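Trainee: I'd like to learn how to read a model like this one. Could we go through it feature by feature?

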Amino acid sequence: MHPGGVQFFEEFWASIFGTKEWVLRFPFVIMGLFSICLTYKIGRRFFDCKTGVFASTLLTITYFPVIHSELARPYSPGLFFVLLSTWFWFNFFFNNNSQNNKSKWINAICLGISFSITMYIHYFAFMLVLFMGLSGLFFIKKSTIIPYLTSGLISILLFFPHIEITYYHLSIENGLQWLSRPEGS
């Protein structure tokens, strides 16, 4: 009951590299490692070096990110693309070094693409980037409204082919298979 992004990727990956267990798990391990790097970069860039080191160290020793990086499940790519979206979101709004129009548009386009990839991976990650996108409306300036709304439009257009599947997932009669509908009591 997840969006089709990871399943599509796994089918594509298996068609090229085979179906051995380590081959199928390898991209998820890489996403976990890149998540550590992105956590460090985000912490260092937008706070300070100690924050980057502390946050990335916590990510390397916390049980759930480690175990989910070993499994071919949507959690490791979900974490990576949420962090990537966070990187572009922070760059779009809070990067004082690149206030020129070209860099705003590049960050807006990358933000829209990373939002849509995240939306294809996991519905909780979808909700997180949705809230991130909505919270960005509080930081918009007159000069950044068009690029920011364009990033939202890009993410919606790229996710559009999956809307029917999402609607199906949300309308299943017996719940989400692993989580039944709540009863009256």
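Trainee: On the other side of H3, which residues are exposed?

Mentor: Ground rules before I answer. This is a predicted model, where local features need pLDDT of at least 70 and side-chain atom pairs count only at pLDDT 80 or more, while totals for chains, interfaces and linings use all residues. Residues are numbered from 1 along each chain as its sequence is written, and side-chain values use heavy atoms, with hydrogens and water left out. Helices are DSSP runs of H or I, at least four residues, numbered from the N terminus. Buried means under 20% relative accessible area, exposed over 50%, and partly exposed in between, with a 1.4 Å probe and protein chains only. On that side of H3 you find Lys50, Phe54 and Ile61 exposed.

Trainee: And which residues of H3 are buried?

Mentor: Gly52, Ser56 and Leu59. Looking down the axis of H3, the buried residues fall within an arc of 55° (taken from the directions from the helix axis to the C-beta atoms), so they line one face of the helix. They pack against helices H2 (21-46), H4 (63-70) and H5 (75-94), contact meaning heavy atoms within 4.5 Å.

Trainee: How many salt bridges does a search of the whole structure find?

Mentor: A salt bridge needs a side-chain nitrogen of Lys or Arg within 4 Å of a carboxyl oxygen of Asp or Glu. The search finds 1. Glu21 pairs with Arg25, with the closest N and O atoms 3.1 Å apart. Both sit in helix H2, 4 residues apart, about one turn of the helix. Arg25 has 32% relative accessibility, so it counts as partly exposed.

Trainee: How many aromatic pairs are there?

Mentor: Rings of Phe, Tyr and Trp (its six-membered ring) pair if their centres lie within 6.5 Å; planes under 30 degrees apart are stacked, over 60 edge-to-face, and the rest tilted. The structure holds 22 such pairs. Take Phe80 and Phe81: centres 4.9 Å apart and planes at 80°, so that pair is edge-to-face. Both residues are buried. Phe93 and Phe139 are tilted, at 5.8 Å centre to centre and 50° between the planes. Phe93 is in helix H5 and Phe139 in the loop between H7 (123-136) and H8 (145-159), so the pair ties together parts 46 residues apart in sequence.

Trainee: Where does the charged end of Lys41 sit?

Mentor: A charge sits over a ring if NZ of Lys or CZ of Arg is within 6 Å of the ring centre and within 35 degrees of the ring normal. Lys41 has its charged end over the ring of Trp87, 4.8 Å from its centre.

Notes. Helices (H or I, at least four residues) and strands (E, at least two) are DSSP runs, numbered from the N terminus.
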